[in-house]
Structure formats: structure tokens, C-alpha cells
Amino acid sequence: MQRRPVLLFFACLVVALCAPRADAASPVAGPPALRIGMLPDARASAAQAEDVVRGTHDAAFAPVRSPYTPNAAGTQRWYRLVLDRDWNQPTSPVLSFTGAAYVPLTVYVPPDYRPQRLWFAQTAAVQRFSRHRLALELPHDLRAGQPVYVQVAADSFTRPIKPALADLATYQDEDLDHVRLATLFASVQFTMILAALCLWLLLRDRVLVYFIGYASFQLIYQMLVSGEIYQLPGGALLVPLGTHAPWLFAALSAPLSISFILEFCNLREITPRAARILGWMRWPFLVAIPLLCLPFAERTQWLASAYNLWFMLSSLWSLGTVLLAARHGRQARFFLIAWMPQVLFTFLRVCQVLLRLDQPRWLEYGFPFTMAFSSIVVTIGLADLSLRARRERDVAHHLADHDALTGVLNRRALLRRLHAAIAEANRQRAPLALLFLDMDHFKSVNDRYGHQAGDACLRAVAEAIADELRPSDWLGRYGGEEFVVCLPGATHEQAMAIGERIRHGIEHLHVHSRGCSLQTTISMGVASLQGDADTSDELIARADNALYRAKTDGRNRIVAHAPLPATVCKSA
């Protein structure tokens, strides 16, 4: 049964990413192809933009068979793009670059060849397209052989940057799909974080803090990768971090994620040795956080590779530990359902980065999809955990306030509620009465039939008393075989009537225990609230005095405390 959500998730993903789409405008014919030429590095490093766009170096551009225009570590590169035939589509051409990420590009477009800067983290200019790719619109009358020059800035890593050409209508249609998907996934994650925050405000549970922390950092990381965060208020504050930003938030989320797994799946109790190792695996991430922010991190490719490898290793160890715990823990099974798709796509994403492969569409959108899916399932698991914890606390509170044998209020809870009831009665100027009950000859029942029979009598008497009470009344065990009944709003006459019903019912009660049928009786004292200065101790003391009189007068009777008229109701 637990595999069905995962299978359904993959089915929806395949349908969403592989379904055929109708273009906004049907092209007259296939769009022209790009021919790429590259200026040799020896000349590109010293080439001036004015000379390149005037065509001074056109003869030096060598044809490139690969569809990529990669950057170079430590030096700039120049590319010359031309169409193999005149542009023939109904709408203008759009030149886009995938894989550029944080590498600044400067594009010189005919006829005036003014520089147009494309950069992933730019915030000043009004953006016509999303950050899905670095893109700009070219002239509609672009002719074959008319060059477009691209200056690719130097970077610490060599990145496979791929230019592509599409008509404006098609590109806008695909771009809109990207915005919808990116907004959907980010909104789902943000909603789950808010839900967890609301739970934390109510419960103040540490596991919720871990979830909010790692899920928030993951969301920021995902929005940094997509570039959409730079269009949000405050996004400009992250621009100075450049390529450090995604690494920083990825490194921040990893130790919090491990801490969450340890707490949420209760691994320290279920798999203590594996959990101890998993806890140690957080420290390299904490060391990597400041290192990834230092300037030399951009020039040290091994640091990023080491981080990715350690991330994969810790993820696999986490997965194995949770699999071991899943046999004994409900929360571990919850987490497996949520995490398995994300681990799979994270593993594929890291492999794609390490091997410098193109990112396919199913991986590009599958990765944030699994993060949103994981957030939903984990939030459900957190809600389930919180509800179970709340039920456990309710049970603990119930046990703390109730007598274990009879199930009625214990002495501490009884006195607390009586104090509150007296204060409320004084505030409302309402009557209140108290019944103090004691079972007659209870010691002889224990001595003759045993303590099990005595316990059965106590339970039966408590049930018989409760059956005669009103919804607003409540019952507590004062100690031993003594019970106290509080009657809010009851006058003296009403209290005597209720007490008589209780006495009569217990007198005719038959208790069956260990093959014996037992009968018992009770004596009862009645006291009523006499003024604003009356306290719970005084009220109980008066009822106890009345009970003592009932005992000395022969038992199985009700006596009211003086100065109220003493009424003795003898059994028939």
C-alpha cells in the first residue's frame, strides 16, 4: 500500500512532462539553424568588443561542430552566431542560452550591435522572460550570414552553455509553462512551511523547527537555481554572493535535514548505532558552510565535487538507516514515502552536475516536483506525529487528574476544581452544594472477600454515584472509600434529593466478584456554600462533620450540616 503514492507520483510526472503540446502558432517551416564560430582563446583574451563587432576578427572565427558555447576558466571567450538561412517564422526569433547560470553574457545584436548584458542574477532591468534561460529577442528581419556576437565572461568552472533559437510565440509558450510549474512547486513548499510554523506555534516541538529550517533553505536553494528569487523583494541582497549563494543554502539545509530525520524517525532509539554515525555526518557540512563562502571556493572545483560526493554518501546512509527503522517505526515509513523520490532525483541531479551532462526536462522539473511532494507528505507526517503527541499528552493529563482504579477525579484534581467552582458560584451569586460519601463497613469487605472484591465494590459504587448526577455535577475520590460530589447550582433541597437517590441506588446494588454477590451501603454528609468568604476547605470540613454524624447515627443515611435543618433519611 505504501508504494502506491510513489507510483502515482511517477505516473503524474511522466504524463506532465511527456504529454504533447500544441504551439501557439504553427510555423511555416522549421526554424533556421544556428552556425557557431569561436574565436581562438589566444586572440579572444585580448580582443576588444569594438573590434569584434566591426568584423575585424571575423576571418579568425573557427567553425564549432558542437552545439555548445562553453566559457573558459580564467579568460573570456567570443562566439559568432549566424543563421543558415533567413528568418522565416511568423514571430521574431528569440536567442536563449541554457547552462549559463551565473556566467555573465554580453550579446551584440544587429543592426546597431549595442551590447545587451544577460546575467542570471540581474535585478535592475525589467525582465521580459523568466530566468529559465538567459534570453533576448532578435530582429524579425534577421538574415542568413548576419552575425550575432556573444562574449562569454570568464568563470571559475568551465560550463557547457548551449544557445538555441526559437520563434517568440513558441518560446513564450514554453516560458509560461515554466513559470506556472516553478510557481506551483514553490507555492506548495512555502505553504507546507507555513503549516509547520503554525504547528510549532501551538506545540513548540523541536522537530518542527528542524523541518522549517531545512525546508526553507531548500526552497531558497531551488529558487536560486531557477533564478526566480532575484525578482522577489529583497532578492538583490543575494546578488553579491554570486555563485556562492546556491552552495551556501544547500550546505545550510543538509545538517538540518539530518537532524530532522533523526528526530522525526526516532532513529536514536530504534537504530542507535547507525543514528550516531548519521549525527556525525552533519559536521562536514558545518565545516563546508564557511569554506563555500570564501573567495577561493570559486577557483577550487574539488571543494564543490567533495561536497557533492559527501552529500550523496550521507543521503545513502540516511536512506539505509531509515529503511532499518521502517520495520519498527510508523514515522520512518512516512518519511520513506516522502523521501524516496527526492533522494532518487537528487542523486540523478548530482550525477548530472558531476558529469557535466545536459539537464533533461524530466529532471529539471522532476527535482522540484519531488521536493514539493516530499514537503506535503512530511507535513502530513508531522501533523500525524503532533496529533499522536497531543493524544499522549491528553492521556497523561487524564491519568494525572483521575483515579486509576475508579476513573473519577483524584484528590488533587478534585480540590482544584472545587476551588474554581466556589469562585464561579460566588461570582454568579449561585448556590453550590457538596456531598461527602463514605462506604459503610468497607474494611470488612476487604478482610472477608479480599482486596479484589473491595476494588470491584469501589468501581461499582463510583459508577452508581455517577449515574445519578447531572451533566454539570462531578465526582471525585477523596481517599480510600471516601467520595466527594460537587453540585454547582444545587440548593440544599436539591442536594438532599440527589443524595437520597444515590443512597437508595447503592443500597440495592449487587456487586459480583470472584463468584460472590456483595451488597454495601453508604453514609453521606451534605454541606452548602454559605457566603463569599467560604472556602473549599471549610465546605469539605462541614460536609465531613455531617458525614461523621451520619456514621454515629447508624450509617446508611444522609445528614445535613448545621445550622441548616438536619434531615435524616433512614432506609426503609
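Select Gln 146 first: its side chain reaches the backbone nitrogen of Arg 143 at 3.1 Å, a polar contact (a pair of N or O atoms within 3.5 Å; within protein, one must be able to donate a hydrogen and the other to accept it, and residues adjacent in sequence count only if both atoms are side-chain atoms). The model on display is a predicted one, in which local features need pLDDT of at least 70 and side-chain atom pairs count only at pLDDT 80 or more, whereas totals for chains, interfaces and linings use all residues. Residues are numbered from 1 along each chain as its sequence is written, and side-chain values use heavy atoms, with hydrogens and water left out.

**Stop 1: around Gln 146**

Gln 146 lies in the loop between S7 and strand S8 (148-152). Helices (H or I, at least four residues) and strands (E, at least two) are DSSP runs, numbered from the N terminus. Is Gln 146 buried or exposed? Gln 146 is buried, with a relative accessible area of 16%; buried means under 20% relative accessible area, exposed over 50%, and partly exposed in between (1.4 Å probe, protein chains only). Now display the residues that Gln 146 touches, not counting those up to four places away in sequence: Leu 81, Val 82, Pro 110, Tyr 113 and Asp 141. Contact here means heavy atoms within 4.5 Å.

**Stop 2: the loop between S5 and S6**

Move on to Pro 110 and Pro 111, which are joined by a cis peptide bond with omega of about 10 degrees. Pro 111 has its place in the loop between strand S5 (105-109) and strand S6 (114-118). Tyr 113 also lies in the loop between S5 and S6. Its phi is near 55 degrees, a positive value in a residue other than glycine. Most residues other than glycine have a negative phi, and most peptide bonds are trans. Tyr 113 is buried, at a relative accessible area of 18%.

**Stop 3**

Select strand S1 (residues 34-38) and strand S3 (residues 77-83), which run antiparallel and are joined by five bridges. Two strands pair if DSSP finds at least two bridges between them. Which residue in S3 is the bridge partner of Ile 36? The partner is Leu 81, a residue that Gln 146 touches. S1 is also joined by two bridges to strand S2 (residues 62-63), again antiparallel, and Gly 37 stands opposite Pro 63 in S2.

**Stop 4: an open sheet and its helix**

Next, colour the three strands of the open sheet with the order S7-S4-S9, whose pairing is antiparallel. Strand S7 (134-137) and strand S9 (162-167) stand at the edges with a single partner strand each, so one side of each is left without a neighbour in the sheet. Neighbouring strands of this sheet are turned by 20 degrees against each other on average, direction ignored. Helix H4 (residues 168-203) packs on the sheet and touches S4, S7 and S9; its direction makes about 110 degrees with that of S9. Axes are lines fitted to C-alpha atoms, for helices over the stretch in contact, and angles run from 0 to 180 degrees between N-to-C directions. Within the sheet, strand S4 (residues 93-98) is joined to S7 by four bridges, and Leu 95 has Leu 136 in S7 as its bridge partner.

**Stop 5: helix H14**

Turn to helix H14 (residues 442-449), whose buried residues are Phe 442, Val 445 and Asn 446. Seen down the axis of H14, these buried residues fall within an arc of 95 degrees, so they line one face of the helix; the arc is that of the directions from the helix axis to the C-beta atoms. The buried residues pack against strand S10 (432-439), helix H15 (451-467) and strand S14 (516-518). On the other side of H14, Lys 443, Asp 447 and Arg 448 are exposed. Just after H14, Gly 450 takes a positive phi of about 100 degrees.

**Stop 6: Thr 520**

Select Thr 520, in the loop between S14 and strand S15 (522-528). Thr 520 is buried, with a relative accessible area of 6%. Not counting residues up to four places away in sequence, Thr 520 touches Met 439, Asp 440, Val 461, Ile 506 and Glu 507.

**Last stop: confidence**

Finally, colour by pLDDT, the predictor's confidence in each residue, from 0 to 100. The protein averages a pLDDT of 84, and 91% of the residues score at least 70. Over residues 5-10, pLDDT stays under 50. It also stays under 50 over residues 564-572, for which the model has 22 contacts beyond four places in sequence.
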